[in-house]
Amino acid sequence: MVGMDVDAPFAEAWSQDDARKQQNAERNELLQAPKTRPTRIVAMGGGTGLPMVLRGLARRAMPKPGQPGVDITAVVAMSDDGGSSGRLRRLHGALPPGDIRNCLVALAGGKSALKDVFQYRFGGAKGLAGHAVGNLLIAALAELKGDFLEAVRLSGELLGAQGQVLPSTLASVQLVAQMHDDTEVVGERNICRAHGRVRRVSLSPRSPPPVDGLLEAIYTADLIAIGPGSLYSSVLPNLLVDGVAQALKETRALKVMVANLMTQPGETDGMNCLDHVQAVIEHVGPVLDAVLVNGRQPTEESIQRYARKGSFLVTAETRELLSSGVIPVQADLLKDGSKIRHDSRKVAACLLKMARSGL
């Protein structure tokens with residue numbers, strides 16, 4: 001027949017068949033048991049909590065006989081505007097590198113000679129005073145390459161990081177808090193200074209676009225670890241990035257919130273574990289499957305010392321958590337010593353066990 005491409009129907013059929021084969025291959029690879037491939041874990045947060053989780057996971061990253069290793073993706077909140085990161089934002093228009101730096105160093109483990117250099121902070125009162133070398137290096141690479149994500153990747157290569165670190169967004173965002181007295185506070189450092197109870201937070205601009213690779217990492221993960229860390233300034237900002245909450249609802253991954261050990265003065269005063277979980281649900285909906293809580297009581301001396309500074313134990317009631325739709329998983333997560341801190345090895349061991357067993 002004149003004007004008809006006889007090969008077109010066959011080409012279309014072959015194209016559709018190839019697409020189906022590709023989809024099936026991807027689906028089979030995703031469903032492959034973590035016992036026969038690296039366990040994929042996405043850890044979301046910021047501040048000091050996320051690096052703690054990453055240090056423990058980095059020790060398990062490399063495959064060993066009988067252990068498939070761990071594929072780690074860290075997702076970092078980008079609303080920090082204090083300290084060295086804040087100065088770089090205000091003076092140079094840079095994205096905040098501080099939490100990114102800490103995560104890269106945490107993933108470097110104990111073998112990188114550059115760790116101490118990255119973490120070195122200049123003294124004095126002027127000029128470079130207060131800046132961490134790693135912050136300056138990441139900012140410099142971002143200017144040189146014209147790409148913040150490439151700067152993070154190159155920094156990870158220099159450190160030998162056992163995993164990738166992703167900023168949750170490349171948009172220049174600010175954290176906005178609605179306080180319980182109905183006042184609005186703009187900027188993370190100002191929220192910390194406000195010393196009032198936070199009711200709700202949002203990002204400005206609202207729903208910034210996710211960085212490339214973030215949603216894919218969520219969809220292909222075996223487990224998503226959320227927290228621990230500052231609820232309103234480290235945990236929730238990641239979840240407010242466009243598409244993240246929806247991806248968390250749709251992914252097959254197990255979503256686990258690592259509960260804070262202590263309340264944060266001026267931010268989570270009087271809040272128990274259920275309050276933390278409900279804050280997440282109120283902001284982004286039912287995105288949590290389980291909450292990992294510490295089951296070992298700190299010493300009374302430590303509890304009293306923290307209480308004098310306005311910080312108290314985050315208590316967890318099993319029935320309350322179950323009623324909110326999340327499964328509480330209790331384990332000894334406490335680090336030995338006088339400070340009430342998570343033990344990175346214990347947290348990582350629990351998360352990996354949950355990822356590989358389903359809970």
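Biologist: How many of the residues of helix H4 are buried?

Modeller: In this predicted model, the buried residues of H4 are Gly98, Asp99, Ile100, Arg101, Cys103, Leu104, Val105, Ala106 and Leu107. Just after H4, Gly109 takes a positive phi of about 65 degrees. The helix is thus described as mostly covered, and the count of buried residues is 9 of 10.

Biologist: How are H2 and H4 oriented relative to each other, roughly parallel or roughly antiparallel?

Modeller: The axes of helix H2 (residues 49-58) and helix H4 (residues 98-107) come within 8 Å and cross at roughly 20 degrees. Leu50, Pro51, Leu54, Arg55 and Ala58 of H2 make the contact with Asn102, Cys103, Ala106 and Leu107 of H4. The crossing is right-handed. Angles under 35 degrees count as roughly parallel, and H2 and H4 are therefore roughly parallel.

Biologist: Which strands stand at the edges of the open sheet?

Modeller: The sheet is built from 7 strands with parallel pairing, in the order E3-E2-E1-E7-E8-E9-E10. A strand at an edge has a single partner strand, so one of its sides is left without a neighbour in the sheet. The edge strands are E3 (164-167) and E10 (327-331).

Biologist: What is the average twist from one strand to the next?

Modeller: The value concerns the open sheet with the order E3-E2-E1-E7-E8-E9-E10. From one strand to the next, the twist averages 25 degrees.

Biologist: Which residue of E9 is the bridge partner of Val256?

Modeller: Strand E8 (residues 254-258) and strand E9 (residues 290-294) run parallel and are joined by 3 bridges. In E9, the partner of Val256 is Ala290.

Biologist: At about what angle to E8 does helix H15 run?

Modeller: Helix H15 (residues 344-357) lies across strands of the sheet, namely E1 (39-45), E2 (70-76), E7 (223-226), E8, E9 and E10. Its angle to E8 is about 160 degrees.

Biologist: Is Val280 buried or exposed?

Modeller: Val280 is placed in helix H12 (residues 273-284). Beyond residues up to four places away in sequence, Val280 touches Leu231, Leu236, Leu239, Met257, Gly285, Val287 and Leu288. Its relative accessibility is 1%, and because buried means under 20%, Val280 counts as buried.

Biologist: What is the C-alpha to C-alpha distance between Val280 and Leu231?

Modeller: Leu231 is one of the buried residues of H10, a helix (residues 231-239) in which 9 of 9 residues are buried. Val280 and Leu231 are 49 residues apart in sequence, and their separation in space is 8.5 Å.

Biologist: How is the aromatic pair of Tyr120 and Phe122 classed?

Modeller: The structure holds 1 aromatic pair, with 5.6 Å centre to centre and 80 degrees between the planes of Tyr120 and Phe122. Tyr120 is partly exposed at 46% relative accessible area, and Phe122 is partly exposed at 28%. Because planes over 60 degrees apart count as edge-to-face, the pair is edge-to-face.

Biologist: What is the relative accessible area of His131?

Modeller: His131 lies in the loop between helix H5 (115-119) and helix H6 (133-145). Leaving aside neighbours within four places in sequence, His131 is in contact with Ser84, Arg87, Leu88, Tyr120, Arg121, Phe122 and Leu136. His131 is buried, and its relative accessible area is 6%.

Methods: Residues are numbered from 1 along each chain as its sequence is written. This is a predicted model: local features need pLDDT of at least 70, side-chain atom pairs count only at pLDDT 80 or more; totals for chains, interfaces and linings use all residues. Side-chain values use heavy atoms; hydrogens and water are left out. Two strands pair if DSSP finds at least two bridges between them. Helices (H or I, at least four residues) and strands (E, at least two) are DSSP runs, numbered from the N terminus. Axes are lines fitted to C-alpha atoms, for helices over the stretch in contact, and angles run from 0 to 180 degrees between N-to-C directions. Contact means heavy atoms within 4.5 Å. Rings of Phe, Tyr and Trp (its six-membered ring) pair if their centres lie within 6.5 Å; planes under 30 degrees apart count as stacked, over 60 as edge-to-face and the rest as tilted. Buried means under 20% relative accessible area, exposed over 50%, partly exposed in between (1.4 Å probe, protein chains only). Angles under 35 degrees count as roughly parallel, over 145 as roughly antiparallel, 65 to 115 as roughly perpendicular and the rest as oblique. A crossing is left-handed if the near helix is turned anticlockwise from the far one by less than a right angle, and right-handed if clockwise.
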